[in-house]
Each structure stands twice: as structure tokens, then as C-alpha cells.
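Reader: I am new to protein structures and would like to learn how to read one feature by feature. Could we go through an example together, with the general idea before each case?

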Amino acid sequence: MSTRPLRTTPRQPQAPLVDVSVLVPAKDEAGNLALFLELCEAMIRAQSARYEVVVVDDGSTDGSWALLQQLRTRFDFLRPVRHRAQRGIAEALRTGYLHAQGQVLVFYPADLQFKPEDIPSLVGPILAGESDMVTGYKQGKYEKAFVSRIYNGLSRTLFHVPVRDLNNVKAYRREIMAALPMRPDFHRYMIVMAAAQGFTVTEVPIPLYPRHSGRSKFGLSRIPVGVLDMVAVWFELRFGQKPLLAFGMLGAALFGVGFLAGITALGWLAATGEGQRWVWTLIQTCLLLGSVFFATGLLGEQIAQQRAEMRELRRELDELATRAADADSLDAGTVDPR
């Protein structure tokens, strides 16, 4: 994957007007939005790269949307987008991506536990062409540090991604969002899935502060959800393209257990003249479950084939869209000759 530096100046007339888009999912954050955007304004003024802030109101009921309409007249870099009902962070990030113009995207919460002044340290390695993704690791007191250590430890063990904190603020090239499949809570494993596709990742320290206003939307009930999501991502990365490999091995193992049990029972019968009824029950169970696993694997192979064809179709459509855009730019005399 490309890690060449992104140009920040100068730009052709038809080039995107934004270098970095900060995507901000916001659910009932009316108490934080004004200060968050004021801090964003101070940060943006000190940068040479061009920024926009896409705040996605995720079905707020505390007046966040009305406040964003007022703030839009005050901050020209603000692009508010609204979900009429709550869809979750992953959907909010996807919506923000679809409305963003920047080639570098940043996932940043609005609760001010992370200050906008630290955003440039996240995007710096990407703009310099040193990395495709940058994730922050928390510096400071964290109430859920124990849970976070377990989560990150399990993730590093399963996925072998060389970063300390996978579930934190992050910056990434726009093409990463385009390449990843859409799924609930995917933002937690965005780094893992992107790294599996060959994108490079690095990390930088990001200070953590107490929440400015409101309360956290996440409790202990999210732990089992996160663990199951982790298992699902592991299976997807390891066997998603070859499901028969997983289910076939399970089926073969059960057939082997049934075969060995049968041989043992026959040997026992020959030696003692006594049959073992429970062994025949075990053999039947192994044969039945083994057959089910094999059938599931074959069905999974058909689904994997359909997914592969969909990916290829999307790649071809993207290439056609790119060629059409290049042709339009050539007609207009504004194409970048690189």
C-alpha cells in the first residue's frame, strides 16, 4: 500500500479543498460541542494543512442538532450531519466518511476526553508518508484501564498488531475506509482489519482528560459484546475466505474420533465378548456432527465465493469511476500529471 506523502500545497483548481477530515460521532453531546469546536478552530488556525470537522449527530435528544445549526454559522470548517435515530459509532463514522472531503480521516470523540490540539500529532505521520494509519495510546488516568488492558492483550495475541491501544482515537487514509467491510462496531477493529490488508500502522501518545460534560455511553455490558466481536473478526480474518478449512477440520476430527471409538469397541468386543452400547451412540453422534460441519463448510464456501465476486465487481466499478474522473479532469485541463 502507498505511503507516499500527501501534498498539502499548492492545489489544482479541481483538487479537494480539504486535506484532513475530523469525523466526530456525537450522541447527546450538547454540553461539549461548542467548546470542542472552539478548540478545533484554535488548532486549525495553527496548521498549514486544510481541515474540516464533520460532526455526525447520532440521534441526539438533548438539542445537539439545533446547536450544530447555530455553530455552523460561526465555524466555516464545520459540516454537521444527522442520523434521525441512533445507529452507533460505526455507522456514524461511515456517514461522516461519505460526507467528508479529506484524504486523511480522523476518528475523534466530542466528549473532550481527547483535546483537538493533539489531532496534528495523529495525522502528522500520514501526511509525511510514514504510515497509512496512526492510533493513539492513552496517557493519563483511565477508569476502564483494567478492561482495556485485557482487551488490548487479547487483541495483540490474536491479531499480532504491534500497537498498545487498538480502541482509541485514530487517523487513517481515506482508502482504508473504502476498503473495509461495513459492520456494527467495526471501528474497534479497524486497525486490525486494515493491517491484515497490508496497510501500515504506527502509534503516538495522546493525553487523556476527564470528560467535560455528560456521561459515558459505555458500561460493563459492552464487554461480552466486544469479546464476541473479537472472535468474529478473528474468524473472518483467518477463515473468512476459506470457511471449509475450519469446518472441514472440525468435521474430520469428529470422523476420526468416531473411527477410533469404533476400532476400540471392536477390539474390546473381540477380546472380552462384551459390546459397549454407549460407544455406538458416540460413533453416531460424531458421524452426524461431522457431516453437519462439512455441510456448513461447503455452504460457507459458496457464500465466500459470492463475496469474492462482489469484491471484484466493486474493484472494477471503482476503477471505472477513477478513469471517468481522470477523463473529466483531462477534458477540463486540470489533471495532476503524476
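Author: Let us begin with the surface, where a nonpolar patch is built from residues with over 30% relative accessible area and no salt bridge, whose nonpolar side chains are joined within 5 Å. Please keep in mind throughout that this is a predicted model.

Reader: Which residues make the nonpolar surface patch here?

Author: The patch covers about 570 Å² and is made by F146, V147, I150, L154, I223, V227 and V231. Helix 5 (145–159) and helix 8 (222–239) each supply at least two of the residues, and the largest share, four residues, comes from helix 5. One member to look at is I150, which lies in helix 5 and, at 41% relative accessibility, counts as partly exposed.

Reader: In which sense do strand 2 and strand 3 pair?

Author: Strand 2 (residues 51–58) pairs with strand 3 in the parallel sense, over six bridges.

Reader: Which residues of helix 3 are buried, and what covers them?

Author: A residue is called buried when its relative accessible area is under 20%. In helix 3 (residues 89–99), the buried residues are A90, A92, L93, R94, T95, G96 and Y97. Their cover includes strand 1, strand 2, strand 3 and strand 4, together with strand 6 (170–173) and helix 6 (174–179).

Reader: What should I look for in the backbone angle called phi?

Author: D28 is a case, with a phi near 55° although D28 is not a glycine. D28 is found in the loop between strand 1 and helix 1, where it is partly exposed, with a relative accessible area of 24%. L112 also has a positive phi, of about 70°, and is not a glycine. L112 lies in the loop between strand 4 (104–107) and helix 4 (119–127), and it is buried, with a relative accessible area of 2%.

Reader: How many salt bridges does a search of the whole structure find?

Author: Side chains of opposite charge can pair when their charged atoms come close. The search of the whole structure finds nine salt bridges. One of them joins R50 to D19, with the closest N and O atoms 3.2 Å apart. R50 lies in the loop between helix 1 and strand 2, while D19 lies in the segment before strand 1, so the pair ties together parts that are 31 residues apart in sequence.

Reader: Are R50 and D19 buried or partly exposed?

Author: R50 counts as partly exposed at 26% relative accessibility, whereas D19, at 2%, counts as buried.

Reader: Which residue forms a salt bridge with R74?

Author: R74 pairs with E38, and their closest N and O atoms are 3.0 Å apart. R74 lies in the loop between helix 2 (64–72) and strand 3, and E38 lies in helix 1, so this pair ties together parts that are 36 residues apart in sequence. R74 is partly exposed at 48% relative accessibility, and E38 is partly exposed at 32%.

Reader: How many residues apart in helix 1 are R45 and E41?

Author: An α-helix has 3.6 residues a turn, so residues three or four places apart point the same way. R45 and E41 are four residues apart in helix 1, and are therefore separated by about one helical turn. They form a salt bridge, in which the closest N and O atoms are 3.3 Å apart. R45 is exposed, with a relative accessible area of 68%, whereas E41, at 23%, counts as partly exposed.

Methods:
Residues are numbered from 1 along each chain as its sequence is written. This is a predicted model: local features need pLDDT of at least 70, side-chain atom pairs count only at pLDDT 80 or more; totals for chains, interfaces and linings use all residues. Side-chain values use heavy atoms; hydrogens and water are left out. Two strands pair if DSSP finds at least two bridges between them. Buried means under 20% relative accessible area, exposed over 50%, partly exposed in between (1.4 Å probe, protein chains only). Patches are made of residues with over 30% relative accessible area and no salt bridge: like charges are joined within 9 Å, nonpolar side chains (Val, Leu, Ile, Met, Phe, Trp, Tyr) within 5 Å. Accessible areas come from the Shrake-Rupley method with a 1.4 Å probe; for residues, only the protein chains shown count as cover. A salt bridge is a side-chain nitrogen of Lys or Arg within 4 Å of a carboxyl oxygen of Asp or Glu. Contact means heavy atoms within 4.5 Å.
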